[in-house]
Amino acid sequence: MKRTILLSIILSLIAFAGIKAQNANQARTILDKAASVIGHSGGASANFKIIGSKLGNTSGNIAIKGNKFYANTPKAIVWYDGKTQWTYMRATNEVNISTPKEAKQMSMNPYTFINIYRTGYDMGVKSIGNNYQVHLIAQNKSRSIQELYILVDKNTYVPNQVKMRQSVGWITINISNFRTRKLNDKVFSFNSKDFPTAEIVDLR
């Protein structure tokens, strides 16, 4: 009797592990497709609204190309060329130069996940209406982005919402009007000639 119960438990655990692995594979496939759509070789643009940021709620538009991005909001303009980030603060006429970590990048660029989901996260997926909701949990507790929920349209595979948990709490980024474009790399670098009176502060 005990052997039968033990065998049933073992078989149940094996079946559960198989279902979990299948779900993780489906989640990864969905994000792979989303990354392919977002990662259009010429670039892409979208509108976004950030809720829960320590800087307050804000909205704006974004342009992306690979790991580069440009974001324009009422408070700031951000350029990131894949290595260096320039942030122009409208209120102070100041440009801060930095080398941001992934959490800082994602606070302005909701598409940063297309580079970080591939390693270091356990994942699963469930269906919510016309969307897939992919859930990621960091395997390393010291990682700056501990948890993510990414809502992906079932038909287009365009993400329309990203929720992430950082040390400061949850941030929600709603995304709309995604479209592919052909963008010059100059879009993602700060040009001092456009802001001749701005004070430059190098934080690197």
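Y149 is partly exposed, with a relative accessible area of 23%; buried means under 20%, exposed over 50%, and partly exposed in between, for a 1.4 Å probe and protein chains only. W170 also counts as partly exposed, at 36% relative accessibility. The model is predicted, so local features need pLDDT of at least 70 and side-chain atom pairs count only at pLDDT 80 or more, while totals for chains, interfaces and linings use all residues. Residues are numbered from 1 along each chain as its sequence is written, and side-chain values use heavy atoms, with hydrogens and water left out.

## Overall fold

The chain has three helices and twelve strands. These are DSSP runs numbered from the N terminus, with helices (H or I) of at least four residues and strands (E) of at least two. Of the 204 residues of the chain, 42% count as buried.

Contacts are heavy atoms within 4.5 Å. Among the contacts in the chain with a separation of 6 or more, 48% come from residues 24 or more positions apart.

## Aromatic pairs

A pair of aromatic rings is described by the distance of the centres and the angle of the planes. Rings of Phe, Tyr and Trp (its six-membered ring) pair if their centres lie within 6.5 Å; planes under 30 degrees apart count as stacked, over 60 as edge-to-face and the rest as tilted. The structure holds eight aromatic pairs. In one of them, the ring centres of Y132 and Y157 are 6.2 Å apart and the planes stand at 25 degrees, so this pair is stacked. Y132 belongs to strand β8 (residues 131-138) and Y157 to the loop between β9 (147-153) and β10 (159-166), so the pair ties together parts that are 25 residues apart in sequence. Both Y132 and Y157 are buried.

The pair of Y149 and W170 is tilted, because the ring centres are 5.9 Å apart and the planes are at 35 degrees. Y149 lies in strand β9 and W170 in strand β11 (residues 169-180), so parts 21 residues apart in sequence are tied together by this pair. Elsewhere, Y70, W79, Y88, F190 and F195 form one aromatic cluster.

## Lysines over rings

A charge sits over a ring if NZ of Lys or CZ of Arg is within 6 Å of the ring centre and within 35 degrees of the ring normal. K154 lies over the face of Y132, 5.6 Å from the ring centre. K163 lies over the face of W170, at 5.8 Å from the ring centre.

Q85 is found in strand β5 (residues 85-89) and is buried, with a relative accessible area of 3%. Not counting residues up to four places away in sequence, Q85 touches F69, V78, W79, Y80, N96, I97, S98 and P100. The side chains of Q85 and T87 are joined by a polar contact of 3.3 Å. A polar contact is a pair of N or O atoms within 3.5 Å; within protein, one must be able to donate a hydrogen and the other to accept it, and residues adjacent in sequence count only if both atoms are side-chain atoms.

D202 is in strand β12 (residues 199-202) and is partly exposed, with a relative accessible area of 43%. A polar contact of 2.6 Å joins the side chains of D202 and R204.
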